[in-house]
Amino acid sequence: MAKTTVKLESRFPQAKKGAADAVTHAIKEALVEGQEEAQGRIERARDKTGYDLDPFVVWQKHFKRADGELEGGMIFIHSDWWYYKFFEHGTVFIPATPFMRPAHRKMRDRFKAEMGDNFEKFVTRRTRMSSGQVTRR
Amino acid sequence: MSVNEEAAAQDYLLAYLGADTTLTSLLESGVWLRSVPQTARFPAVKIDRQDASDLMVVGLSRVWADLTFLVRGIVHWTGSGQPDWTGVRAIGDRIDALLHDHEAATAELQVHSFREETFTDETVEGGDLFLHCGGTYRVRARAV
């Protein structure tokens with residue numbers, strides 16, 4: 001009886017790496033979108049109210065695992081500019097002009113959209129790329 | 001659906017909170033939207049819009065407007081030493097009793113609301129100290 005040799009090749013490691021890359025990509029996209037949203041809103045508040053507000057007080061922070069992979073992130077305003085909270089929430093006589101809460105919603109929506117619509121495509125593409133089926137252009 | 005849910009929800013909150021005799025008995029002026037006039041007397045309640053988004057389903061049918069409002073009691077502290085939070089806490093508690101786990105229907109809206117985040121703060125404005133106590137409430141409003 002003739003022997004048939006079947007070569008099995010697992011792409012699971014590539015798929016795992018592709019999934020991690022997809023999550024990293026989604027986090028980065030969400031952070032950029034959130035930061036831009038907050039900055040845009042601060043800019044509009046400055047133009048509307050005349051207060052000397054600087055849009056570039058909104059920064060990004062990345063949280064990384066021990067192996068250097070990105071596992072999360074946030075946008076924040078450094079405590080030097082603590083008084084921006086009075087614009088976010090309003091005071092007795094100043095109406096609220098929120099920028100962090102809407103930015104948070106944008107980030108959440110973007111992350112969900114990236115994971116929902118692009119996740120599978122991203123992982124498939126990365127897996128094929130790693131096994132040499134497609135080449136990066 | 002021609003009703004702007006956000007504007008209608010604001011009107012609803014003003015009317016609903018303003019009609020509660022327990023809450024108004026704790027206030028000197030009333031319920032204000034977005035800013036309090038310089039001439040207003042305190043304690044007062046202030047409502048600030050925080051964020052809004054629409055929930056839509058297939059066919060662009062709008063299920064509800066998903067709104068967040070910061071609703072707080074404000075007390076003008078004129079005493080000396082450590083500020084006394086008793087009065088503003090009572091207002092914050094009453095606001096929560098009215099708005100958390102709340103459902104209602106009016107001629108133009110169906111609403112439900114719940115607290116998403118508590119809120120306390122102190123502000124110094126014009127040299128005066130104000131104490132704030134309340135919360136961020138998610139209000140989902142559907143035009144009827």
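Buried here means under 20% relative accessible area, exposed over 50%, and partly exposed in between (1.4 Å probe, protein chains only). This is a predicted model, where local features need pLDDT of at least 70, side-chain atom pairs count only at pLDDT 80 or more, and totals for chains, interfaces and linings use all residues. Residues are numbered from 1 along each chain as its sequence is written, chains are lettered from A and ligands numbered from 1 in the order written, and side-chain values use heavy atoms, with hydrogens and water left out.

View 1. A:Arg101 sits in helix α3 of chain A and is buried, with a relative accessible area of 15%. Beyond its neighbours within four places in sequence, A:Arg101 is in contact (heavy atoms within 4.5 Å) with several residues, including A:Glu88, B:Gln50, B:Asp51 and B:Arg138.

**View 2. The salt bridge from A:Arg101 to B:Glu116.** The closest N and O atoms of this pair are 2.8 Å apart. Chain A and chain B have 4 salt bridges between them (a side-chain nitrogen of Lys or Arg within 4 Å of a carboxyl oxygen of Asp or Glu).

**View 3. The contact between chain A and chain B.** Chain A brings 15 residues and chain B brings 28. About 1,600 Å² is buried between the two chains, with carbon and sulfur atoms giving 49% of that; buried area is the accessible area (1.4 Å probe) that two parts lose on being put together, summed over both. On the chain A side, A:Val92, A:Phe93 and A:Arg101 lose the most area to chain B, together 47% of what that side buries.

Notes. Helices (H or I, at least four residues) and strands (E, at least two) are DSSP runs, numbered from the N terminus.
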